[in-house]
Amino acid sequence: MPARNVTRTLLELTERAPSAHRVPPLTVTLPDGDRIVVPFTSCFKSEPVDCSTADSLSLDTSIMFGVDEAVREYHDGDVEPDELGRVQIGYICLTVRFAPERHPRFALLDFTAATSGMSRLFERSASVGTVFTDLTAAGGGVCCLLDTESDTFRICRLNGQPVQDTVPGPRFADYRFLVESWPERRSPSAT
């Protein structure tokens, strides 16, 4: 996503956190100077994190997902959804890479499942996919990929549109072609 949208996306993510806070809130200072409070930990600690000169941020998240068949199976059928029909899944490791060298106007938000079972859930659950594509949309993200733990990644959202494609695949032979499709990537004057 464009680097300028990281604050907005992290705030959207906090809306998807469990309402019963089990950890003290974490204050994060981002590279642009924004200071936000999130209901997560960083390296399983709640001490303030200053990323004003850092190139990355690590958060230990827990996220609420709607219950579909894959989520029900993941919880062995023992689910008690909240009033919005969601259940908590976590810890999900989030690494934010600010302005990576190859794409300096962008940031990468990389959500990583903590277990193999959770990873399989991410691949099977439409509800889980919806949360991540909605976060991508809310943050103005140009691309949302799902690691299928194979030689391909599934493209879930691209340039503001939901898509069903892969990289590598017929449309994108490799990541270079995928990145070249990003509108802001093609236009250096975009702000």
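This is a predicted model: local features need pLDDT of at least 70, side-chain atom pairs count only at pLDDT 80 or more; totals for chains, interfaces and linings use all residues.
**View A. The largest pocket and its centre.** The space in the largest pocket comes to about 1400 Å³. Its lining is made up of 46 residues, and those nearest the centre are Leu109, Cys143, Cys144, Leu145 and Leu146. By class, 27 lining residues are nonpolar, 11 are polar and eight are charged.

**View B. Elements around the largest pocket.** Two or more lining residues come from each of strands E6 (107–113), E7 (143–147), E8 (153–158) and E9 (161–167), and from each of helices H3 (116–124), H4 (126–138) and H5 (175–180). Helix H4 contributes the most to this lining, with eight residues.

View C. Strands E7 and E8 are paired in the antiparallel sense, with five bridges. Cys143 has Leu158 in E8 as its bridge partner; Cys143 is also among the residues nearest the centre of the largest pocket. Five residues lie between the two strands of the hairpin, and Glu149 in the turn has a positive phi of about 55°.

**View D. The second largest pocket.** This pocket holds about 200 Å³ of space. It is lined by 15 residues, with Arg22, Val23, Ser62, Gln88 and Tyr91 nearest its centre. Strands E4 (56–66) and E5 (86–98) each give at least two residues to the lining. Seven of the lining residues are nonpolar, six are polar and two are charged.

Notes: Residues are numbered from 1 along each chain as its sequence is written. Side-chain values use heavy atoms; hydrogens and water are left out. On a 1 Å grid over the protein atoms alone, a cavity is a set of points where a 1.4 Å probe fits but cannot get out, and a pocket is an open set with protein on both sides within 12 Å along at least five of seven lines; lining residues have an atom within 4 Å of a point. Grid points are joined across faces, edges and corners, and a volume is the space filled by probe spheres set on the points. Helices (H or I, at least four residues) and strands (E, at least two) are DSSP runs, numbered from the N terminus. Ala, Val, Leu, Ile, Met, Phe, Trp, Tyr, Cys and Pro count as nonpolar, Asp, Glu, Lys and Arg as charged, and the others, Gly among them, as polar. Two strands pair if DSSP finds at least two bridges between them.
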